[in-house]
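Subject: Handover of a structure

Dear colleague,

Please find below the structure that I am passing on to you. My notes on it follow directly after.

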Amino acid sequence: MTGSLQVKRGKYYIVLNLYEDGERRKKWIATGLPERGNKRQAQQLLNDALHEYEYKQVEPEPNYAETTLFTDYLQHWMEIANSRVDEVTFQGYKLLTERHIIPYFKQRRVMLSEVNRRMLQSYLNQKSRNGRLDGKGGLSPKSVRELKNLLHQQLNEAVREELIDVNPCTLLVLPKSDPPSAKFYSVKQLNDLLEAVRDEPLYPVIKTAVIYGLRRSELLGIKWDSIDFETDTLTIRHTVVKVTKTVEKDKTKSKSSHRSFPLIPEIREMFLDIQKEKQRNAKLMGRAYVKSDYVFCWPDGRPFSPDYVTQKFPKLLKQHGFPHIRFHELRHSCASLLINQGYTLKDVQEWMGHSDIGVTANIYGHLETKRKEEMASRMSSCING
């Protein structure tokens with residue numbers, strides 16, 4: 001706001017430049033002071049008027065945290081997150097937020113300012129006891145930890161935006177996590193499985209998973225530029241991931257996931273057969289053929305979807321009488337086979353593409369311990385003294 005002194009009919013007037021409803025107008029205020037000898041006093045009255053009207057015009061802003069539902073703030077946070085993380089990560093954040101966090105706090109109409117440690121602890125305890133969407137019990141310790149970590153991120157942003165003073169996610173108690181257990185097939189079971197599904201469309205995917213221990217996203221991301229038939233190498237450089245929708249990415253999970261493998265002769269021949277079949281199908285179907293750079297496809301050229309692999313695999317196991325394992329546990333089976341063949345955890349880490357050997361040790365350390373027990377037993381049988 002600005003103002004000035006004006007003289008009218010020999011007396012000082014204060015003229016204020018006000019803004020009301022987006023429009024500018026002038027307000028004249030009589031001081032009653034004659035022009036002569038009163039300039040300093042008139043200036044003081046002008047200053048007082050400016051201060052008074054500025055105070056009147058600037059209404060104190062309501063406290064955002066006290067007037068905003070926590071669930072509304074979460075919608076705001078998701079807009080921020082969408083601009084900061086990649087699409088797959090955001091899909092995961094959005095899924096957890098909309099399915100597990102927003103419904104709980106929306107029902108209770110919790111304001112952002114009301115979110116505290118006790119409330120969050122009660123929320124996590126409830127999710128641990130009865131948090132599954134199908135009503136069949138609680139979420140796993142891993143899932144509860146993911147919720148806690150996500151809430152921590154969301155409330156950290158509120159602290160960063162100076163909407164709340166501290167993050168109430170600190171000092172929360174999480175359910176005890178059991179050591180990760182990995183199911184896997186023996187060598188015989190793997191060979192029997194490959195023989196049983198040899199004529200299935202999914203056979204090349206299963207075979208590649210068993211040999212190289214690849215993740216589903218890495219398998220479906222194999223393109224023809226991933227295979228070098230001159231140097232006989234397979235390089236993992238693309239992924240296909242789905243949380244709520246399929247996303248093709250020209251990057252791997254981490255730097256360590258970008259790795260190369262030697263093409264063993266039977267895999268090399270399998271890829272060459274797939275290439276020839278794709279060429280035949282493209283010629284037969286003409287314009288109806290879907291052109292794609294991906295290796296694992298349907299006869300019409302459409303790439304296999306992540307859902308197809310996940311849903312078809314257990315059906316094949318049941319059809320052929322094999323014990324149930326998840327498709328991802330073919331990866332565990334590969335690691336188990338490597339360890340039983342005498343390779344170290346460091347070897348397995350590099351083969352599997354783990355970013356940290358600690359991950360490898362947590363999942364497969366017990367297998368290495370078992371192998372060492374067998375080694376110790378053999379040593380004991382050799383030493384008589």
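I begin with an open sheet of three strands, in the order E4-E5-E8 with antiparallel pairing. Its edge strands are E4 and strand E8 (260-262), each of which pairs on one side only. Two strands count as paired if DSSP finds at least two bridges between them. Strands of a sheet pair through backbone hydrogen bonds, either parallel or antiparallel. Strand E4 and strand E5 (residues 233-235) run antiparallel and are joined by two bridges. Within this pairing, Asp228 stands opposite Thr233 in E5.

Please note that this is a predicted model, in which local features need pLDDT of at least 70 and side-chain atom pairs count only at pLDDT 80 or more, while totals for chains, interfaces and linings use all residues. Residues are numbered from 1 along each chain as its sequence is written, and side-chain values use heavy atoms, with hydrogens and water left out.

Ser226 counts as buried because its relative accessibility is 2%; buried means under 20% relative accessible area, exposed over 50%, and partly exposed in between, with a 1.4 Å probe and protein chains only. Not counting residues up to four places away in sequence, Ser226 touches Gly221, Thr233, Leu234, Thr235, Arg237 and His238. A contact here means heavy atoms within 4.5 Å.

As to the whole, the protein has 14 helices and eight strands. Both are DSSP runs numbered from the N terminus: helices are H or I with at least four residues, and strands are E with at least two. Of the 385 residues in the protein, 40% are buried. Among contacts between residues at least 6 apart in sequence, 58% join residues at least 24 apart.

The largest nonpolar core has 43 residues, and Ile206, Phe271 and Leu330 have the most contacts inside it. A nonpolar core is a set of buried Ala, Val, Leu, Ile, Met, Phe, Trp, Tyr and Cys residues joined through side-chain atoms within 4.5 Å. The elements that give two or more residues to this core are helix H7 (187-196), H8, H9, H10 and helix H11 (306-319). H8 provides the largest share of this core, six residues. Leaving aside neighbours within four places in sequence, Leu330 is in contact with Leu190, Leu193, Ile206, Ala209, Val210, Phe313 and Ile325. Apart from this core lies another, of 30 residues, including Ala65, Val144, Leu151 and Ile164.

Tyr73 is found in helix H3 (residues 70-82) and is buried, with a relative accessible area of 0%. Tyr73 and Leu112 are 39 residues apart in sequence, and their C-alpha atoms are 7.2 Å apart in space. Ala42 lies in helix H1 (residues 39-57) and is buried, with a relative accessible area of 0%. Ala42 touches Leu5, Tyr12 and Leu33, residues up to four places away in sequence not being counted. The C-alpha atoms of Ala42 and Tyr12, 30 residues apart along the chain, are separated by 6.8 Å.

Helix H8 (203-212) and helix H10 (265-285) are the elements that give two or more residues to the lining, and H10 gives the most, with seven residues.

Arg9, in the loop between strand E1 (2-8) and strand E2 (11-20), has a positive phi near 55 degrees. Arg9 is exposed, with a relative accessible area of 70%. Most residues other than glycine have a negative phi.

Yours sincerely
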